[in-house]
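I opened my notebook to look up how this chain is put together. My entries follow.

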Amino acid sequence: MRTSPHRTPLAAAALLTATLALAACSPQDDGKASGPGPGTAAASAASCSAASLPTRAQGKLTVGTDDPAYDPWFSGNKPSNGKGYESAVAYAVAKHLGFTADRVVWRKVPFNSAFSPGVKDFDFDINQVSINADRRKAVDFSPGYYDVRQALVVRKDSPAAKARTLADLRNAKLGAQVGTTSLDTITDVVKPDRQPAVYQRNDLAVAALKNGQVDGIVVDLPTAFYITGAEVPDARVAGQFASTGGTPEQFGLVLDKGSPLTRCVSQAVTALRGDGTLAALEKQWLSDAVDAPVLK
């Protein structure tokens, strides 16, 4: 979410036909609907090939993202280098659709412009855009390519900085904003012996971290990256927490409302989630690369 640090939830209301198409190919629907016959599957595969897709530039796939493009979603503010989670995901989707890396064109798109009403100058946009009902009124979304997790941010000199398991946090003084999933994670997942510090706003929790009033704070992972990169330079992401059920906040690829590419792009994301590609890329770029292991 980009309220303080990252991208706040966004979504686009698709036309009824687009919504039905998305539902049919979203991960949670896989296996519940009867599969198409061989002829239909072949026709669908052919219509989703690079040669047959009506992209902005013939034979090329135009991908939008903001400038600057932040680590670890990208690397070195160069979306075209294939490094960073979202750059890697974009190229994985392109490959699934039949576009080689040299046929992918990047376009600078301000964050809010990606999901504002109006015709887009990209085929899809990837920019930590959360899927929600309000945004679906203006644009289409793919199924989620990333489930937002909660993470622990600590000062580098804090005892909690060495935590590698939930047990290592048993005696820690942790803080979070009131009424958030972050606070629920402390009470329901970490279950520390010490009462958590509760703040009315997230910036107050960040201030407490800076001042050493808490050993660490729990926020969502994108916010954690922002805090450590821009707000508290001597802080680090100590780790992240496994999803605990319910409906997670998700980032989705953004497309024009009623885009003819929505079905094929959605199928690509669903396939990449199903075959483990997204999980592998998340581990490579959001866990291993920034040393943010899942705390269990």
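**Entry 1: cores.** I looked up the largest nonpolar core and found 57 residues in it. Those with the most contacts inside it are Y85, V93, F124, I126, Y145, Y146 and I217. I noted the rule: a nonpolar core is a set of buried Ala, Val, Leu, Ile, Met, Phe, Trp, Tyr and Cys residues joined through side-chain atoms within 4.5 Å. Buried means under 20% relative accessible area, exposed over 50%, and partly exposed in between (1.4 Å probe, protein chains only). Helix α3 gives the most to this core, with nine residues. A second, separate core has 17 residues, among them A163, L169, F241 and L295.

**Entry 2: ground rules.** This is a predicted model, where local features need pLDDT of at least 70, side-chain atom pairs count only at pLDDT 80 or more, and totals for chains, interfaces and linings use all residues. Residues are numbered from 1 along each chain as its sequence is written, and side-chain values use heavy atoms, with hydrogens and water left out. Helices (H or I, at least four residues) and strands (E, at least two) are DSSP runs, numbered from the N terminus.

**Entry 3: rings.** I looked up the aromatic pairs, and the structure holds 11. Rings of Phe, Tyr and Trp (its six-membered ring) pair if their centres lie within 6.5 Å; planes under 30 degrees apart are stacked, over 60 edge-to-face, the rest tilted. W73 and Y85 have ring centres 6.4 Å apart and planes at 70°, so this pair is edge-to-face. W73 sits in the loop between β1 (61–65) and α3 (85–97), while Y85 is in α3, 12 residues apart. Both W73 and Y85 are buried. Ring pairs also join W73, Y85, Y145, Y146, F225 and F251 into a cluster.

**Entry 4: sheet.** I traced six strands in an open sheet, in the order β7-β6-β8-β5-β9-β11, with mixed pairing. Strands pair if DSSP finds at least two bridges between them. β7 (197–199) and β11 (294–295) stand at the edges with a single partner strand each, so one side of each has no neighbour in the sheet. β6 (residues 174–177) and β8 (residues 216–220) pair in the parallel sense over two bridges. I found I217 in β8 as the bridge partner of G175.

**Entry 5: D147.** I found D147 in strand β4 (residues 139–147). Which residues does D147 contact, leaving aside its neighbours within four places in sequence? They are P248, E249, Q250 and R273, where contact means heavy atoms within 4.5 Å. The C-alpha atoms of D147 and P248 are separated by 6.0 Å, yet the two are 101 residues apart along the chain.
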